[in-house]
Amino acid sequence: LTILGIETSCDETAAAVLRLQDGCAELISDVIRTQLEEHAPYLGVVPEIAARAHAELADLTVKAAMHEAGLSYADLDGVAATSGPGLIGGVLVGMMTGKAIAQAAGKPFIAVNHLEGHALSPRLGNDCPFPYLLLLVSGGHCQFLEVRGLGEYRRLGSTIDDAVGEAFDKTAKTLGLGFPGGPAVERLAEGGNAEAFDLPRPLLNRPGLDMSFAGLKTAVARAAEDAPQTEDRLRDLCASFQKAVTDVLAVKAGRALEAFEPGEGQEKRFVVAGGVAANKAIRAALEHVAAEVGARLIAPPLRHCTDNAAMIALAGAERLAAGLVSGEAGDLGTGARPRWPLDEAAAKASPVYE
Ligand code: ATP
Ligand code: MG
Ligand code: FE
């Protein structure tokens with residue numbers, strides 16, 4: 001199966017071509033155009049600007065991916081595009097682009113849940129069969145999920161307020177580090193003392209797998225007000241913040257791993273995915289937790305942690321291969337969703353834009 005994937009749900013316009021053969025995924029092209037420069041002056045993603053940028057870039061990006069792959073639309077077996085969740089303007093642009101190409105070429109369209117893309121992203125290069133425990137940590141989400149198979153997700157716990165990526169971004173904004181916050185905070189944290197500031201670890205001692213990061217963000221803001229903003233203090237504050245987040249994720253991950261039962265004779269696999277999975281300190285801490293219980297940590301390469309179209313093409317290919325896309329037109333009648341939880345029961349209650 002050869003699939004074109006399109007991703008436009010936030011501030012990356014991306015397109016990729018992927019071949020899935022005997023369960024093995026081969027990436028043929030993988031184009032990501034980030035809109036960093038457009039949003040940087042506003043210290044965050046501006047939905048209107050994102051939608052306009054996607055409209056300008058989507059066509060060019062798809063053509064670049066097809067050109068790089070050396071294929072024409074007739075060579076494809078299907079076209080997949082993110083159909084939610086995300087900023088609705090951008091989602092609509094990518095989805096319409098995908099639907100138009102699919103219809104013109106007479107190929108099935110596959111509506112992909114962006115979160116399913118992140119959830120399957122470890123399968124892009126690694127040996128990562130189902131089932132596995134997933135920690136999804138991105139700009140808008142922070143949750144533990146049991147992934148039993150394609151489309152079989154059970155949520156075990158999630159943040160009750162901010163996502164981890166959001167906490168990184170807000171902390172960076174408070175400290176004047178620019179956007180996006182994650183990489184900037186990580187860079188500064190490397191040279192800092194993580195014990196310098198006594199920051200809270202919210203919900204750490206509460207049983208269960210729910211998490212909270214809003215209080216931590218506020219504590220950072222208060223500490224920043226009190227301390228003189230020298231370069232050293234800034235490094236210490238970033239290191240202390242990153243350590244607090246890492247501690248919370250590590251403790252909850254240990255608990256989740258203990259509860260996770262992969263089944264008779266199955267290896268315990270623990271996947272961390274989403275933009276925050278690019279953080280080296282967090283990856284190292286999770287690696288340690290996994291090793292302690294004899295589990296294997298699997299994380300996508302850095303390029304496929306943050307938003308990309310390769311993971312969307314993979315989700316589309318796996319759905320098509322599994323017969324989850326029906327009819328010649330596929331999901332052509334599916335609308336875009338600003339919110340779209342991975343677990344089905346919650347998904348049914350979310351609004352759809354036709
Ligand atoms: P969602 O997938 O939930 O819809 P999103 O698509 O915006 O949200 P991603 O692209 O997966 O999220 O990830 C972006 C987030 O990851 C941003 O919040 C960014 O700050 C964070 N991030 C990226 N790199 C790092 C890093 N090295 N350390 C910590 N956070 C990071
Ligand atoms: Mg992004
Ligand atoms: Fe994402």
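User: How are residues, chains and ligands labelled, and which residues count for local features?

Analyst: Residues are numbered from 1 along each chain as its sequence is written, while chains are lettered from A and ligands numbered from 1 in the order in which they are written. Because the model is predicted, local features need pLDDT of at least 70 and side-chain atom pairs count only at pLDDT 80 or more, whereas totals for chains, interfaces and linings use all residues.

User: Which strands does β4 pair with, and in which sense?

Analyst: Helices (H or I, at least four residues) and strands (E, at least two) are DSSP runs, numbered from the N terminus, and two strands pair if DSSP finds at least two bridges between them. Here β4 pairs in the parallel sense with β1 (residues 2-7) over four bridges, and in the parallel sense with β5 (residues 109-113) over five bridges. Val79 is the bridge partner of Leu4, and Val79 also stands opposite Phe109 in β5.

User: Is strand β4 mostly covered or uncovered?

Analyst: A residue is buried if 20 or more other C-beta atoms, placed from the backbone, lie within 10 Å of its own, exposed if 12 or fewer, and partly exposed in between. In β4 (residues 78-84), seven of its seven residues are buried.

User: What should I look for in phi angles and peptide bonds?

Analyst: Most residues other than glycine have a negative phi, and most peptide bonds are trans. In this model, Leu43, in the loop between α1 (36-39) and α2 (47-69), has a positive phi of about 55°, and Leu43 is partly exposed, with 17 other C-beta atoms within 10 Å. Leu203, in the loop between α6 and α7 (214-226), has a positive phi near 60°, and Leu203 is buried, with 20 other C-beta atoms within 10 Å. The peptide bond from Gly84 to Pro85 is cis, with omega near -10°, and Pro85 is in the loop between β4 and α3; the bond from Phe179 to Pro180 is also cis, with omega near 0°.

User: Which residues come nearest to ligand 1, and what classes make up its shell?

Analyst: A residue is near a molecule if its C-beta atom, placed from the backbone, lies within 6 Å of it. Of the 23 residues around ligand 1, Gly139, Gly140, Gly165, Gly182 and Gly275 come nearest. The shell has six nonpolar residues (Ala, Val, Leu, Ile, Met, Phe, Trp, Tyr, Cys and Pro count as such), three charged ones (Asp, Glu, Lys and Arg) and 14 polar ones (the others, Gly among them). Its largest share, four residues, comes from α6.
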